[in-house]
Amino acid sequence: MSGWRRERAARDARIEAGRAHAAGKVVAAASVVDLLEAILRPGDRVCLEGDNQKQADCLARGLSQCDPARVHDLHMVQSGIVLPEHLDIFEQGIAKRLDYSYSGPQGARIARMLYGGQIALGAVHTYLELFARYFIDLTPNVALIAGVSADREGNLYTGPNTEDTPTVVEATAFKNGVVVAQVNEIVDRVPRVDIPGDRIDFVVEADKPFYVEPLFTRDPAAMTETQILMAMMAIKGIYAEYGIRRLNHGIGFGTAAIELLLPTYAERLGLKGKIATHWALNPHPTLIPAIESGWVSQVHCFGSEVGMDRYIRERPDVFFTGADGSLRSNRAFCQTAGLYACDLFIGSTLQIDLSGHSSTVTQSRVAGFGGAPNMGSDPHGRRHPSDTWMKAGREALVTGDPALMRGRKLVVQIVETFGEKLVPTFVEKLDALELARKLKLELAPVMVYADDVTHIVTEEGIANLLLCRDADEREQAIRGVAGYTEVGRGRDRAMVERLRARGIVRRPEDLGIEPLDADRSLLAAKSIKDLVHWSGGLYEPPAKFRNW
Amino acid sequence: MTLAEILTSLFPDGHAVSVADGLVSGDGPFRGARLAVVGVDGNTPLGIEGAARLSRLVLDVVRAGGGTPILVAVDSDSQRMSRRDELLGLNEYLAHLAKTLLLADASGHPTVGLVYGHTAAGAFIATALATRVLVGLPGAHPSVMDLPSVARVTKLPLDKLEAMAKDTPVFAPGLDNMVQTGAVQGVLDPARPLAPQIAAVIDAMPAGDTRDALGRERAGRPVAQEIAAQVVREAALG
Amino acid sequence: MEKLTFRHATKKPLAGAKAQAITGVVASGNLEVLLERALPPDACTVEIETPINGYGDVWEAVVADFVARAQPGGIRITINDGGARPDTVSLRLLQGARLMEV
Amino acid sequence: MSDRITDPATTSWYEASARARLDGLLDPGSFREFIGPEQRRMSPHLPLFDLPRAFDDGMIVGAGRLDGQAVLVAAQEGRFMGGAFGEVHGAKLVGLLRAALDQKPAALLILFDTGGVRLQEANAGETAIAEVMRAITQVRAAGVPVIGLIGGRAGAYGGGGLIAGTCSRLAVSEGGRISVSGPEVIETNKGAEEFDSRDRALVWRTMGGKHRRLTGGADAFADDTVAAFRTAALRLIDTAPAFDLATLEAEQARLEERIARFGDCRDGTEIWARLGANDPAAIPAMTTAEFDALLAQIGETTHDAR
């Protein structure tokens with residue numbers, strides 16, 4: 001019944017057209033444009049692998065050089081909008097629609113293009129949500145992916161930054177799509193097979209190694225006393241209090257400070273082995289001192305980090321590694337792990353409103369949220385208890401039968417009350433709402449909804465929103481830690497003191513912390529060089545982070 | 001004035017000063033003895049080789065003794081900006097050149113700087129500014145940094161800087177401003193023979209460093225002298 | 001540059017005998033605070049020079065909280081601000097007061 | 001930022017403020033500041049540019065004791081205007097050097113942390129640097145060692161690099177940089193092909209503390225602690241060379257030999273290899289102990305030709 005095989009036939013036709021520019025599966029870098037023009041059709045859904053870190057940059061350059069008369073109106077379905085070419089193709093008319101998750105470095109340009117109508121936006125997803133839609137209604141016709149090496153059969157080694165690749169290939173290759181992989185080199189035998197060759201249709205030997213952004217490297221030298229103070233409060237007021245062992249950290253300096261205080265401050269509090277043992281986390285260099293001090297049992301990674309490869313190879317008890325010794329990361333699995341198997345997510349944001357909604361979207365930047373909304377949400381499908389989860393559930397329980405109580409995931413925002421250039425973090429109304437109005441978006445781009453947030457940590461204190469019993473208490477708890485922002489100064493002082501008496505607002509002194517003790521001498525490493533020393537010379541930081 | 005015109009005016013009976021690779025060296029008859037001349041010509045940047053050659057010439061004069069005065073004539077670029085010069089320690093070469101000039105002066109060889117063209121930054125410090133007395137010729141334009149670069153670094157609009165430069169000698173490039181700061185003692189008259197003018201400069205040499213006093217008198221550096229003097233006073237209290 | 005001056009009545013003199021102390025550095029996002037035991041014990045003044053205009057009410061709130069908390073009677077405080085955030089200002093003021101108390 | 005010294009043995013010199021460095025460097029309680037912050041002798045020029053001033057203009061000068069010996073000290077605050085020389089800033093150092101001629105201390109220490117000349121006061125700064133260099137040679141000629149300590153975040157750049165080259169002795173840490181033109185300046189003027197300033201490892205191989213120590217541009221290599229700099233300063237005071245013709249002749253020979261021997265090298269590692277280092281690529285990662293052992297093996301980097 002040919003009526004049931006039209007997609008398959010179309011796929012075969014594309015591949016055959018592409019073969020004209022290939023030797024077997026292998027395509028020269030110089031022939032990328034010809035290949036893409038041969039296999040792409042107007043209106044195709046295309047995943048141009050742009051991960052959080054790894055970029056199929058050679059294929060991106062090729063796509064941006066295609067003739068818009070032949071390749072146009074593509075619907076891009078990829079998690080990261082990172083390279084300039086990712087947006088160039090919209091300006092050129094090669095692409096038209098966009099569904100994505102994260103656009104950090106291109107956040108300002110994407111906002112301009114949305115306002116200018118050059119991009120027809122589907123939605124700004126979370127990673128898991130976009131991956132899920134790959135299998136339901138956003139299945140790619142063509143996937144353009146990146147790996148370290150491949151053999152002539154197409155067996156692909158992704159290297160430590162496996163990231164999104166298995167998910168993208170799964171959805172494309174098994175649903176009549178065409179998969180093109182760019183690799184740094186073609187080899188006789190790959191170190192390990194991350195993607196079997198029968199899922200890869202073409203292999204392009206790239207003109208230069210794919211680009212990886214060192215996104216998770218936080219230089220301890222730039223860590224401030226305020227961030228250290230917040231980290232001390234989080235450790236004592238949340239990690240110790242709830243006994244948090246399974247967790248995920250965001251990428252900000254506040255959480256990096258927590259990592260660097262584990263072997264010092266937290267060790268002195270006697271918390272070793274009781275907190276922060278199992279992680280869903282990229283291999284943060286700032287976690288090295290905690291790992292070396294025996295704090296960390298295991299870490300599963302979304303992706304890798306530049307310079308961490310040798311260190312990870314030598315610590316297979318801690319990290320997930322392949323038979324070849326290198327890290328195996330996987331964004332979809334790690335996001336799932338963060339959602340269902342972690343008891344705490346802690347991260348940062350740019351704006352928080354009076355209810356606790358937060359967003360990193362401002363009117364001039366649409367950065368997207370990546371994984372934060374997954375991590376920073378309470379999974380209603382969870383069915384396994386833990387002490388942490390149950391304690392949070394009890395705190396939140398207002399009415400109903402205690403026997404039917406379920407737990408709560410801890411979702412913590414750790415923010416300084418003012419950001420860069422004295423821009424307040426706490427606001428009456430999120431910029432995201434204004435953006436949604438201007439762009440006529442049905443859904444405002446909120447990163448973490450108020451009903452998912454359990455705590456807010458600032459340099460002024462911790463607000464425990466689980467214990468708030470009505471909207472008014474919630475607002476005053478938030479105002480009570482909002483420092484000298486207008487929101488903070490607008491607090492009802494008497495009510496905040498009453499909340500403090502109930503432990504809903506806790507100041508450093510309530511936790512037995514003297515703010516003047518928040519000193520850089522508490523950091524297990526004060527510089528990138530210190531991290532190298534901690535790693536026994538195994539960590540090889542990127543040049544831009546060195547000062548030796 | 002060009003270097004040739006300067007040398008003719010300075011040594012009307014002829015001289016043995018030559019220029020090679022932008023470096024000036026030699027001497028000429030002066031008050032019955034010789035006047036040694038070293039320097040940089042033709043807006044040449046000063047790198048490690050040039051600095052080492054100039055310092056060798058100065059040491060030759062000092063070693064020979066006899067109190068031969070040294071004229072440091074300068075029309076240079078800034079220090080040579082290259083990775084190689086810095087790799088090999090340009091700061092040591094420039095400092096060494098300045099030290100040889102300062103040693104010469106301390107050893108009885110009067111040193112006079114003469115800026116007749118451009119000079120800037122490290123090259124300026126290592127040469128003309130390392131003499132006992134620095135004079136200029138009209139048209140000279142010493143600078144630390146040109147105003148467009150200052151505008152870039154300070155993030156101030158160029159037109160605002162240009163307006164400020166008119167009545168704020170402390171930051172703006174140019175000979176007049178360096179005179180007001182006290183770095184340049186005075187400006188010679190190109191219309192008159194230079195030999196007697198240089199002789200007069202040598203005869204009137206101050207014993208100590210009077211640049212901050214001049215800067216105060218001329219209002220280009222209003223507080224430096226007073227600050228330095230106060231430090232000396234407070235140190236004496238211990 | 002904006003100049004601000006705040007005067008507060010204090011209930012008691014700041015502890016300690018140190019005549020003066022300085023803390024912090026004038027740098028981006030930082031500030032320096034000079035404290036001098038130069039006033040009657042029932043008064044405290046805070047003079048500020050800041051390159052960021054329009055934050056007078058924030059400074060007023062930060063200074064008022066500090067005075068209420070530290071009771072820095074007799075102290076003349078002078079601040080050169082480099083654009084510090086309020087929490088950094090609070091921290092430096094408290095550090096300064098502690099230095100005076102030794 | 002560590003304004004309170006808790007323990008000089010662990011306090012990072014790189015991170016410490018100028019005041020904290022002095023505090024930990026000198027014998028406890030011995031520092032007496034000249035023109036202290038309460039005198040408010042601030043820059044008369046920065047307000048014209050709408051820039052904040054500092055009470056000490058980023059230069060702290062005074063007297064103290066180092067292991068009982070009387071010393072004069074000057075410390076630059078690298079975080080204020082990049083530690084750059086302005087009118088007041090420079091004049092305080094000039095005054096200190098002049099005071100040294102009267103006081104004849106056991107040494108005068110300069111704790112460098114400077115990007116060079118403060119552009120808003122460029123002419124005053126440039127002139128002050130010239131005055132400082134002349135005064136240093138006079139102080140040295142009078143028999144007082146002038147010791148430079150370099151390990152701050154601003155390094156010793158521009159005129160600061162020239163002043164450093166005028167001192168009797170220099171101690172440097174790994175983080176310390178000594179240079180005339182900074183990487184960004186070279187890149188701006190000559191392009192990224194000449195100097196990619198974002199390649200930090202290259203920056204340090206070109207002008208960092210280890211390179212300067214290996215090539216004789218500095219005399220002692222110190223760990224990045226206040227205590228290590230104190231130890232280094234004490235040792236250097238006792239070995240300071242005279243300021244005379246013999247010293248400068250030796251320096252002339254030393255610098256000419258450097259050009260002859262290394263003039264064709266493009267990278268620090270090539271120079272280190274020619275100096276006799278077996279594995280030059282490993283040098284940046286070496287600990288102080290390993291680096292000291294290497295220095296001892298090479299030997300020739302220690303000299304009196306300065």
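1. In this predicted model, Phe34(D) has Val61(D) as its bridge partner in β2(D). The pair belongs to the contact between strand β1 (residues 32-34) of chain D and β2(D), which run antiparallel and are joined by three bridges.

2. On β2(D) there is also a pairing with strand β3 (residues 69-76) of chain D, again antiparallel, with eight bridges.

3. Is strand β2 of chain D mostly covered or mostly open? Strand β2 (residues 59-66) is mostly covered, with seven of its eight residues buried.

4. Chain D also takes part in an interface with chain A: 14 residues of chain D are in contact with eleven residues of chain A. On the chain A side, the residues comprise five charged, three polar and three nonpolar ones.

5. Chain B contains nine strands and eleven helices. Its radius of gyration is 18 Å, close to the 18 Å that the globule rule gives for 238 residues, so chain B is as compact as a globular protein of that length. Along the principal axes, the C-alpha atoms of chain B fill a box of roughly 50 × 45 × 40 Å.

6. Of the 238 residues in chain B, 55% are buried. Among contacts in chain B with a separation of 6 or more, 65% are between residues 24 or more positions apart.

Technical notes:
Residues numbered from 1 in each chain as written. Chains lettered and ligands numbered in written order. Predicted model: local features only at pLDDT ≥ 70, side-chain atom pairs only at ≥ 80, totals over all residues. Contact = placed C-beta atoms within 7 Å. Nonpolar A, V, L, I, M, F, W, Y, C, P; charged D, E, K, R; others polar. Buried ≥ 20, exposed ≤ 12 C-beta atoms within 10 Å, placed from the backbone. Helix = DSSP H or I, 4+ residues; strand = E, 2+ residues; numbered from the N terminus. Pairing = 2+ DSSP bridges. Rg over C-alpha atoms; globule rule 2.2 N^0.38 Å.
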